[in-house]
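Dear colleague,

Please find the structure below. My notes on it follow.

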Amino acid sequence: MSEISNCPKCNMDNTYFDGTTNVCPDCSYEWSENEVQEHDEVAKDSNGALLEDGDSVTVIKDLKVKGSSMVIKRGTKVKSIRLTENPEEVDCKIDGSSIVLKTCFLKK
């Protein structure tokens, strides 16, 4: 008998095979061992375009910077972004300050 893998959604090991699919009783997720699942999350802008290191983006909304009186105005162009481990954030420099921005406020 082959060992059933941990749940891909919650990573619990309390899983079982019900005859057609694997089931996790903890989170109710069902999956097939034959499914090819990609867990590689990629950074996308507000329009769904893929972002890469070095891209130039534009801010789509006025953003207040926490801990500062600085405001990043809508339409500000940001050059040479760097992707972070979190696909929802990018690292960049604006006016000499290193800032992390959410990708949902950017467009390529």
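**Notes on the fold**

From the N terminus on, the elements of the protein chain run β-β-β-β-β-β-β-β-β-β-β. That comes to zero helices and eleven strands, where helices (H or I, at least four residues) and strands (E, at least two) are DSSP runs numbered from the N terminus. With a radius of gyration of 20 Å, well over the 13 Å that the globule rule gives for 108 residues, the chain is more spread out than a compact globule. The radius is taken over C-alpha atoms, and the rule is 2.2 Å times the number of residues to the power 0.38. The C-alpha trace spans about 60 × 25 × 20 Å along its principal axes.

This is a predicted model: local features need pLDDT of at least 70 and side-chain atom pairs pLDDT 80 or more, while totals for chains, interfaces and linings use all residues. Residues are numbered from 1 along each chain as its sequence is written, and side-chain values use heavy atoms, without hydrogens and water.

Of the 108 residues, 26% count as buried (under 20% relative accessible area, 1.4 Å probe, protein chains only).

There is an open sheet of three strands, in the order S7-S4-S11, with antiparallel pairing; two strands pair if DSSP finds at least two bridges between them. Strands S7 (77-78) and S11 (106-107) are at the edges with a single partner strand each, so one side of each has no neighbour in the sheet. S4 (residues 57-59) is joined to S11 by two bridges, and valine 59 stands opposite leucine 106 in S11.

Regards

How values were computed:
Buried < 20%, exposed > 50% of the residue type's maximum accessible area, 1.4 Å probe, protein only.
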